[in-house]
Amino acid sequence: MAFWLMKSEPDVYGIQHLQQDGTTLWDGIRNYQARNFMRSMAIGDRAFFYHSNAKPPGIVGMMEVVETGLTDPSQFDPTNKYFDPKSNPEQPRWDCVRLRYMGTFNELLSLDALREQFSVEELPVVRQGNRLSILPVPDASAQRLLELLGSL
DNA sequence: GCCAACGTTGGC
DNA sequence: GCCAACGTTGGC
């Protein structure tokens, strides 16, 4: 089982939305590196839910990967913000995974706090200017994060 | 609102 | 294939 960190803006889709929905399709990823990370996800993997563009930004909850290798439907919908005219239904360019809400931590673990605790190698999200919305979390860092965050 | 850190696009 | 221009993400 691997660990990941996935960003979303709370105003657009925050942990509260996921809590209400139960599960969600993580669609709209239009960055090849992030897409490739999604492709390497396996059912049962865990993901830290990170609020980006928030005050403050940081980790707020936990998710579980429940379905992989799904085609992102938004790429074929001309009315969708993430419509990709270059994508072909026979060979879809973008895929996504389905995630299940596991819980919300008692307190947000801010990016500032993460930077105090982790190096860029230990937790790539702390790198300045990191725009990747999906990042791997090494096992050792995931265990330390879970200790810092406490129970769900 | 600004800026850093990219990725993408298009001219050549 | 290079690179300038442009767009986007996301922190501050």
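Which side chains does a polar contact of 3.0 Å join? I looked that up first, and the pair is Asp95 and Arg39. My cut-off for a polar contact is a pair of N or O atoms within 3.5 Å; within protein, one must be able to donate a hydrogen and the other to accept it, and residues adjacent in sequence count only if both atoms are side-chain atoms.

**Ground rules**

I am working on a predicted model, where local features need pLDDT of at least 70, side-chain atom pairs count only at pLDDT 80 or more, and totals for chains, interfaces and linings use all residues. Residues are numbered from 1 along each chain as its sequence is written, chains are lettered from A and ligands numbered from 1 in the order in which they are written, and side-chain values use heavy atoms, with hydrogens and water left out.

**Chain A overall**

I went through the secondary structure and got 5 helices and 6 strands in chain A. These are DSSP runs numbered from the N terminus, helices being H or I with at least four residues and strands E with at least two. Along the sequence I read the order as β-α-α-β-α-β-β-β-α-β-α.

Next I checked the radius of gyration. Chain A has 15 Å, which agrees with the value near 15 Å for a compact globule of 152 residues. The radius is taken over C-alpha atoms, and the globule rule is 2.2 Å times the number of residues to the power 0.38. The C-alpha trace of chain A spans about 45 × 30 × 30 Å along its principal axes.

I also looked at contacts, meaning heavy atoms within 4.5 Å. Of the contacts in chain A with a separation of 6 or more, 71% are between residues 24 or more positions apart.

For burial I used relative accessible area with a 1.4 Å probe and protein chains only: buried is under 20%, exposed over 50%, partly exposed in between. Buried residues come to 44% of the 152 in chain A.

**Back to Asp95**

Asp95 sits in strand β5. I count Asp95 as buried because its relative accessibility is 14%. Leaving out neighbours within four places in sequence, Asp95 is in contact with Arg35, Met38, Arg39, Leu70, Thr71 and Asp72.

**Arg100**

Arg100 is in strand β5, but I have Arg100 down as partly exposed, at 33% relative accessibility. I found a polar contact of 2.6 Å between the side chains of Arg100 and Glu64. Setting aside residues up to four places away in sequence, Arg100 touches Gly22, Thr23, Met62, Met63, Glu64 and Val66. I also checked Arg100 against Phe118: they are 18 residues apart along the chain, and their C-alpha atoms are separated by 27 Å.

**Gln75**

Is Gln75 buried or exposed? Gln75 is buried, with a relative accessible area of 0%. I located Gln75 in the loop between β4 (58-71) and β5 (95-110). The side chain of Gln75 makes a polar contact of 2.7 Å with the side chain of Ser87. Beyond neighbours within four places in sequence, the contacts of Gln75 include Arg30, Tyr82, Phe83 and Trp94. Gly28 is 47 residues from Gln75 along the chain, and I get 7.7 Å between their C-alpha atoms.

**Ile59**

Ile59 is in strand β4, and I count Ile59 as buried, at 0% relative accessibility. What does Ile59 touch, not counting residues up to four places away in sequence? My list has Leu5, Phe48, Phe49, Tyr50, Phe105, Glu107, Leu108, Leu109, Leu114, Leu145 and Leu149. For Leu5, 54 residues from Ile59 along the chain, the C-alpha atoms are separated by 8.5 Å.

**The β3-β4 loop**

I turned to backbone angles here. A cis peptide bond joins Lys55 and Pro56, with omega about -10°. Pro56 lies in the loop between β3 (46-51) and β4. Asn53 is in the loop between β3 and β4, and I noted its positive phi, near 50°, in a residue other than glycine. I count Asn53 as exposed, since its relative accessibility is 63%.
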